[in-house]
Amino acid sequence: MSIIVGIADLNEDTKIVSKVFNIILISLSLFMIISSMIKFIGNIDDVFTTNFWLEFGIEGFVWIINIPVIYLSKKMILIEKKVIFSNNKNLIYSYVKFYLNLLIYKLKFYRYKKVDLNKLNLTIEGKELSAVGGSRIYIRVNRRDLSKEILIALASDAILGRNKYTRIVNKREKYPNVVEIVDDKLKLYVFWQDDFIEEKWRDKRCDNIKTTQVIGGIEIIN
C-alpha cells in the first residue's frame with residue numbers, strides 16, 4: 001500500500017488514489033493498535049512470562065527493519081523518471097549515483113541556504129511546470145541587478161526542492177530537471193539543468209547564448 005501511495009503521488013490525476021490508500025492505511029493502523037491494546041489488557045498476566053518479551057522484541061524488530069524499506073521504496077519511485085531519461089541503466093547503481101549527485105549539490109549550495117532577501121524589496125513569484133522526465137521550476141523576479149549570491153540562493157533553493165523563497169509545493173517532482181529565473185520583462189535571467197538527464201533530452205536554449213557559469217552548473221545570462 002505504501003508503494004501504491006508513492007506511485008499515485010507522482011501524478012496530479014492519481015492524487016485521489018493516494019488519499020484513498022492513505023485513509024485505508026491509517027484505518028488499518030488504528031485497528032491494529034486498538035485491537036492489540038484490547039488483547040494486551042485482556043492478557044496482562046503474560047507480561048510476567050519470558051515468551052511475551054521474546055515475541056514483543058521480535059515484532060518490534062520487524063517493524064523497525066520495515067521503516068527503511070518503505071522509505072527506500074518511495075525514494076526509488078520518486079527518481080525512476082530521472083533514471084529513465086538518463087544514460088544510466090535502471091539499476092540500483094543508477095539510483096545511488098543520482099543521490100550522490102544530489103549530495104554534492106547540497107554541499108555546494110550549503111552556504112547559500114540562509115541568505116536574507118527581506119531587505120531587498122524583491123518580489124518573487126514561482127510556479128512548477130512540466131519538463132521532459134520531470135518538472136521545471138519557473139521563477140520571476142522584479143529586478144535584474146541582483147548579486148550572484150542572491151541568484152545562486154534562489155536557484156539552489158529550487159534545485160534542492162526546498163522552495164523557501166517561492167513557497168512552491170512541488171506536485172510533479174521534488175527535484176526538478178530545469179530551473180529558470182526571468183526578470184520583470186520576462187527575459188531569461190538564470191538557467192540551470194540537471195546534468196543527470198541524457199543529452200538528447202536536454203533543453204538547449206542556452207547553447208548559443210553568452211552566459212556566466214557559476215557554482216553547481218547555474219548559468220547567469222549576460
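Residues are numbered from 1 along each chain as its sequence is written, and side-chain values use heavy atoms, with hydrogens and water left out. Because the model is predicted, local features need pLDDT of at least 70 and side-chain atom pairs count only at pLDDT 80 or more, while totals for chains, interfaces and linings use all residues.

A nonpolar core is taken as a set of buried Ala, Val, Leu, Ile, Met, Phe, Trp, Tyr and Cys residues joined through side-chain atoms within 4.5 Å. Buried means under 20% relative accessible area, exposed means over 50%, and partly exposed lies in between (1.4 Å probe, protein chains only). The largest such core holds 37 residues, and Val141, Ile181, Val190 and Ile218 have the most contacts inside it. At least two core residues come from each of α5 (92–109), β2 (134–141), α6 (148–159), β3 (178–182) and β4 (188–193). Helices (H or I, at least four residues) and strands (E, at least two) are DSSP runs, numbered from the N terminus. The greatest contribution is that of α6, which gives eight residues.

With neighbours within four places in sequence set aside, Ile181 is in contact (heavy atoms within 4.5 Å) with Ile139, Val141, Leu151, Leu154, Ala155, Lys187, Leu188, Tyr189 and Val190. In soluble globular proteins, nonpolar side chains tend to be buried together.

Salt bridges were assigned where a side-chain nitrogen of Lys or Arg is within 4 Å of a carboxyl oxygen of Asp or Glu. By this rule there are eight salt bridges. In the pair Glu125 and Arg140, the closest N and O atoms are 2.4 Å apart. Glu125 is partly exposed at 40% relative accessibility, and Arg140 is partly exposed at 31%.

Arg143 and Asp145 form another salt bridge, with 3.0 Å between the closest N and O atoms. Here Arg143 is partly exposed, at 24% relative accessibility, whereas Asp145 is exposed, at 52%. The side chains of Arg202 and Glu199 also meet in a salt bridge, at 4.0 Å from N to O. Arg202 has a relative accessible area of 23% and is partly exposed; Glu199, at 49%, is partly exposed. Finally, a network of salt bridges links Arg136, Glu180, Asp203 and Arg205.
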